[in-house]
Amino acid sequence: MSCLVGCCASLTCGLCTSAASTITKKSARLGYCGLFGLSLIVSWVLREVGTPLLKKIPWINSSDTLSDEWFQTEAVLRVSLGNCLFFTILALLMIGIKDQNDRRDAWHHGGWIFKIVMWALLIILMFFLPNPVSSVYGFISKLGAGFFLLVQVIILLDATHSWNDAWVAKDEQKWFVALLAVSITCYIAAFTISGLLFIWFNPSGNDCGLNVFFLVMTMILALSFAIIALHPKVNGSLLPAAVISVYCAYVCYTGLSAEPRDYACNGLPNKSKAVTTSTLVLGMLTTVLSVLYSALRAGSSTTFLSPPSSPRAGDRASLLDSEELEAGKGKKEAEAKPVSYSYTFFHLIFALASMYSAMLLSGWSSSESSDLIDVGWTSVWVRICTEWVTAGLYIWSLVAPLLFPDREFY
């Protein structure tokens, strides 16, 4: 195991240190995204090839009854734990940064060789910890992954509303036509996906009431989105409703495709490996895109992504009066440029994403034995509940201004 970890660390550090010199202050967020993506690759590789080596480590292979699936999960959890600790430490170090004169602002944007070495050492050190530590982290990761899914939904809602507002603000007929075309296309895609799922997951001759319930709920929710969004009293739009409908249909697919391969209502067992791999790739891609969007969107959000001192946080911080500037008062404050996003929240997103990716690769650390990734009833219900929470949050964003007219919603 030490040989494998050493080789991985050497190769990783060699690649990353050469890239570290090219990371500038403007590309720092992309640098963190690249480091996170590299952790996913390391987790995947160790899951596939690390089992024989983990069995040789006495403090990990503490029993003769441990299965290969257990060792695969253990490798994923330990890499995830190191990655999560790395971003959690950075999040704690960045608490309270309000302007770029703070010394820690340079820590956030620079020192990449040191950060890469620390990241690699943390991952290596996780393989020297006893099994109870990774077991506790596996439980905590379920909670963190659930919270990340919630953040992912909020990011999706923010992205769709921003997309709609950007096109509407252009106030030209071609953009309104484009909005309508994209909305119709998304709805056609949503109902096409639902129709295919009825064929795949409701085979004739089997009582598949649960799958039918999931699919009917998905279609009802898609119709409800459009009806509520287009209601005269609701300040909604068809584009966000259509995009959320496609997302819900996709999440429903990932949930149904995660059903055990011996389940009679799962019509995909003949191509299970291909389906599992494609679902995993889509899930990882969604995770990376969510993290990347939050990283790039952080500086332009008017909600929880921006710190109180950010110019995007509103008009709560008053500007210095011209008389004070002339008198020399507050000169230091005038020169201090506020940070454009919350560094602490930025790193917490990566920490939560590390937990979610661990659950994705380990099948939510369930006791169901399978050599396939993200398969089992735990994964099914996590996906379905995510779909319902997404629907609930979107509907709430539409009806909340009607229920609480005296409050201002963004």
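User: What counts as a disulfide here, and how many are there?
Analyst: A disulfide is a pair of cysteine sulfur atoms within 2.5 Å. In this predicted model, the count by that rule comes to one disulfide.

User: Which cysteines form the disulfide, and how far apart are their sulfur atoms?
Analyst: The disulfide is formed by Cys208 and Cys265, with 2.0 Å between their sulfur atoms.

User: Is the disulfide of Cys208 and Cys265 left-handed or right-handed, and why?
Analyst: The torsion about the S-S bond of Cys208 and Cys265 is about -95 degrees, so this disulfide is left-handed.

User: Where do Cys208 and Cys265 lie?
Analyst: Cys208 is in the loop between α8 (173-201) and α9 (209-229), while Cys265 is in the loop between α10 (238-257) and α11 (272-297). The pair therefore ties together parts that are 57 residues apart in sequence.

User: Turning to the helices, at what angle do α2 and α4 cross?
Analyst: Helix α2 (residues 28-49) and helix α4 (residues 68-93) cross at roughly 165 degrees, and their axes come within 8 Å. That makes α2 roughly antiparallel to α4. The crossing of α2 and α4 is right-handed.

User: Which residues of α2 and α4 meet?
Analyst: On the α2 side, the residues include Tyr32, Leu35, Phe36 and Arg47. Among those they meet in α4 are Gln72, Val79, Phe86 and Leu90. The residues of the contact of α2 with α4 divide into 11 nonpolar, four polar and one charged.

User: And what about α7 and α15: at what angle do they pack?
Analyst: Helix α7 (residues 131-169) and helix α15 (residues 377-403) pack at about 45 degrees, with their axes 10 Å apart. That makes α7 oblique to α15. The crossing in which α7 passes α15 is right-handed.

User: Which residues of α7 and α15 meet?
Analyst: Leu149, Leu150, Val153, Leu157 and His161 are the residues in α7. In α15 they meet Val382, Thr386, Val389, Thr390, Leu393, Tyr394 and Ser397. The residues of the contact of α7 with α15 divide into eight nonpolar, four polar and no charged.

User: What average pLDDT does the protein chain have?
Analyst: The protein chain averages a pLDDT of 78, and 75% of the residues score at least 70.

User: Where does pLDDT stay under 50?
Analyst: That applies over residues 298-334, for which the model has 44 contacts beyond four places in sequence. Where pLDDT is low, the predicted coordinates should not be read in detail.

Key:
Residues numbered from 1 in each chain as written. Predicted model: local features only at pLDDT ≥ 70, side-chain atom pairs only at ≥ 80, totals over all residues. Heavy atoms only, no water. Axes fitted to C-alpha atoms, helices over the stretch in contact; angles between N-to-C directions. Helix = DSSP H or I, 4+ residues; strand = E, 2+ residues; numbered from the N terminus. Parallel < 35°, antiparallel > 145°, perpendicular 65-115°, else oblique. Left-handed = near helix turned anticlockwise from the far one by under 90°. Contact = heavy atoms within 4.5 Å. Nonpolar A, V, L, I, M, F, W, Y, C, P; charged D, E, K, R; others polar. pLDDT = per-residue confidence, 0-100.
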